Every structure is written in structure tokens, then in C-alpha cells.
Amino acid sequence: MKLPKKWWTGPVQQVTDYFVEYYNSKYPEEKLDQKKIHAENAGGTKFHADDVVETAFTHKEHIYIKDGAPPRNEKKNREEKENDPSMLTCQNYGCQFRYREEDNNPKACYHHRKGPVFWNGYKYWACCDHRKATDWNDFMKVPGCAVGPHTTKKPAGAELISPTIIAARQAEKEAKERAIAPSLNDIDKYTKKSNAEAAAMPKPKPKPAAKLPEGCAKCVHTDCKKVYAMKDNHAEACKYHSGQAVFHDGAKYWSCCTENRKAYDWDTFMKIKKCRVGYHWDGTGEDPNK
């Protein structure tokens, strides 16, 4: 059967419906059920009923009508579900499932009892702190530890945040307290007062430079910094990194080494094998390793 051009922009279901109608009229004793057949090509690809013919089928391709319901268009079903105003969104920690209240039941929702914690590059649920993750997708796949009905009510309790944010909020609070403290109205008085206080304060004594043993120097190479005897310096004395330390999004790594050698805690970061071997260098003159 050759498809007419006017069908090209229509759904695949139009083709299967026409075939069923034609087949049932010719073989009334062996009628087909429209809901129990699907379109399929020679390669075994099954087409969704709502696929558009001109994008689903290839020109001059052989299409077969076979037994079995058409596959569900999961992408379309998901989009319709997300845009359906009658659907509710569960607020339990780690759920966010879209549901209808008539489908809700006491065992519908697997979720976490406590909220998320983001600390030092790790992501985990406070109720399951033994299941830490560094990747967001892995974090979201941690199975819930509690079961119950879905709910649109946000969990009660204190917000769980990282210690960094807690420190930042404390600093902001202290800044506001300083802002409302009594201030001098006259700028000249303020300037005179500041100058007098500065003059009365004892000037800090310069910190004496650390004295090195005679004949010794301190290496300036990254991740070395060792004090060494210059007479013992040789081509394999110093193990160091040629790049700089990078701290980004909780990860720690050296710019000279491949990024897949990332660490998320300090001890592991410091154990990353150094990528260069050469002479120690105290920073004077030219680096002997160049």
C-alpha cells in the first residue's frame, strides 16, 4: 500500500487504523483489534501511535503491521504529566514525584526523613549520612529510608545547610549589628579620632626572616618547599608539581595533572603523586629544570 501525501503530516495511528478497517472489511471473521497492533519496520523498530509519519518512516521503507500494542511514548507521557494542572508535586525529601490524590496511598512514597547536606564537596541526606555522593545524579539516586503517602506539605524542621553558609550568615548578622552602632556625626572628628588612635598604637615590629642553616636553601617548587643542603642538590632531589593547586566546586586537583585525578578531601589531595622530578630551586636565577 502506498501512503497518500496528505497522510505524511499525520500520526502513525492513522495508518494502522486504515489498515485495520480495510482488513476487517475483507476478513470479517478474523477481525483485528486496533489497540492490539502496531507499526514496525524491517529493522524491528516499533513506532508510537502518535509519531508523525514523515519523520518516523523513511522514504520507500517497508512498514509491517504486527501483533502487540504500540509502545508507550514515555517522553510525551512525562511532558503531559509535568504540564497537567491536576497533578500534585510531592514535597517529601528526595521525592518530588507528580501524583494525583486519588492515586495516593500509605505506601506510595519512598523518601528521606531528613533534608540534604552539602559539605566539603559531598552531598548526602542527613538521615543517611553513610551514603555520601560527589555527583548530583548519584546523590539523587540514593534510595529513600522511609515510606508513607505523598504530601504537598513541606517538611517541618530546621533548614539543613553547610557550615560555610552558617558562617556567612553569622558574619552578615555581625555586620548589621556594627551598622546600627552609634556613629560620629562630624567627619573631621572621626578623622582626628582615627589619627590619634593610630598614633597611640605601637608600631608592629617587622617579623624576622627565618634563618636557614649555612649552605642550605628552601625550595620554591609547588608542593615541595623543603629546606635542602645545596651541595647535595641533584637531578632527582625534588619531586613537585609544575602547575598550581585548583579548588573548584568542592574538588581539589593540580592544574598540571589530568582533571580525572580529583580529590574531595585534603588528605587524598596531598597524596596525589607528583608529576615532575628535578633539582631543588630556591627561586634565584633561572630554574635549573627548564
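**Close-up views of a predicted model**

W254 and F269 are both buried (under 20% relative accessible area, with exposed over 50% and partly exposed in between; 1.4 Å probe, protein chains only). The model is predicted: local features need pLDDT of at least 70, side-chain atom pairs count only at pLDDT 80 or more, and totals for chains, interfaces and linings use all residues. Residues are numbered from 1 along each chain as its sequence is written, and side-chain values use heavy atoms, with hydrogens and water left out.

**View 1. The tilted pair W136 and F139.** The structure holds 11 aromatic pairs (rings of Phe, Tyr and Trp, the latter by its six-membered ring, with centres within 6.5 Å; planes under 30 degrees apart are stacked, over 60 edge-to-face, the rest tilted). The ring centres of W136 and F139 are 5.3 Å apart and their planes stand at 55°, so this pair is tilted. Both residues belong to helix α4 (residues 136-140), 3 residues apart, about one turn of the helix (helices are DSSP runs of H or I, at least four residues; strands are runs of E, at least two; both are numbered from the N terminus). W136 is partly exposed at 46% relative accessibility, whereas F139 is buried at 1%.

**View 2. The stacked pair W254 and F269.** The rings of W254 and F269 are stacked, 4.9 Å centre to centre with 15° between the planes. Because W254 lies in strand β13 (residues 251-254) and F269 in helix α7 (residues 266-270), the pair ties together parts 15 residues apart in sequence.

**View 3. The surroundings of I37.** I37, in strand β1 (residues 37-41), is buried with a relative accessible area of 7%. I37 and P70 are 33 residues apart in sequence and 6.4 Å apart in space, C-alpha to C-alpha.
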